[in-house]
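Let us walk through this structure.

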Amino acid sequence: MEGLITGRIVHYNPWPNESYGDSKCRAAIITNVFGEDTVNLTVFMDWINDGRQYQDNSLLWTTSRHYSETLEAGTWHWPERV
């Protein structure tokens, strides 16, 4: 996948599409790349607005996440262009 390198900013979707309204994605930085579309991410959560489990730590480390254009829970995608 072109442009997929450590340090790039992507979007990560921690929740199922229907469970979090319009705020489905969070900004994330790629910390490691595996193969064509699989990465480790450090995700920037929205503090207590994202739920009690993130209240004490606004960063989420998530491993072996795959690319998806359909915003499936637990996947990453490129930020939308506006």
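Strand E3 is largely enclosed by the rest of the structure, because six of its seven residues are buried. Buried means under 20% relative accessible area, exposed over 50%, and partly exposed in between, with a 1.4 Å probe and protein chains only. Helices (H or I, at least four residues) and strands (E, at least two) are DSSP runs, numbered from the N terminus.

A word on the source. This is a predicted model: local features need pLDDT of at least 70, side-chain atom pairs count only at pLDDT 80 or more, and totals for chains, interfaces and linings use all residues. Residues are numbered from 1 along each chain as its sequence is written, and side-chain values use heavy atoms, with hydrogens and water left out.

Now the sheet. Five strands form an open sheet in the order E4-E3-E2-E1-E5, with antiparallel pairing. Strand E4 (59–66) and strand E5 (75–77) are at the edges; each has a single partner strand, so one side of each has no neighbour in the sheet. From one strand to the next, the twist averages 40°. Axes here are lines fitted to C-alpha atoms, for helices over the stretch in contact, and angles run from 0 to 180 degrees between N-to-C directions. Two strands pair if DSSP finds at least two bridges between them. In general, strands of a sheet pair through backbone hydrogen bonds, either parallel or antiparallel.

Look at both partners of E3. E2 and E3 run antiparallel and are joined by six bridges. Ile29 has Thr42 in E3 as its bridge partner. The hairpin of E2 and E3 has three residues between the strands, and Gly35 there takes a positive phi near 65°. E3 also pairs with E4, again in the antiparallel sense, over six bridges. Here Val39 stands opposite Arg65 in E4.

Thr38 lies in strand E3. Is Thr38 buried or exposed? Thr38 is buried, at a relative accessible area of 12%. Its side chain makes a polar contact with the side chain of His66, at 2.8 Å. A polar contact is a pair of N or O atoms within 3.5 Å; within protein, one must be able to donate a hydrogen and the other to accept it, and residues adjacent in sequence count only if both atoms are side-chain atoms.

Next, the core. The largest nonpolar core has twelve residues, including Leu4, Trp15, Val39, Leu41, Val43 and Trp76. Such a core is a set of buried Ala, Val, Leu, Ile, Met, Phe, Trp, Tyr and Cys residues joined through side-chain atoms within 4.5 Å. Strands E1 (9–13), E2 (26–34) and E3 (38–44) each supply at least two of its residues. E3 gives the largest share, three residues. Beyond four places in sequence, Leu41 touches residues that include Val10, Tyr12, Ile30, Leu60 and Trp76. Contact means heavy atoms within 4.5 Å.

Finally, the rings. There are two aromatic pairs. Tyr67 and Trp76 pair edge-to-face, 5.0 Å centre to centre with 65° between the planes. Trp76 and Trp78 also form an edge-to-face pair, at 5.2 Å and 90°. Rings of Phe, Tyr and Trp (its six-membered ring) pair if their centres lie within 6.5 Å; planes under 30 degrees apart count as stacked, over 60 as edge-to-face and the rest as tilted. Ring pairs link Tyr67, Trp76 and Trp78 into a cluster. Trp76 is buried, at 0% relative accessible area. Tyr67 is partly exposed, at 22%, and Trp78 is partly exposed, at 22%.
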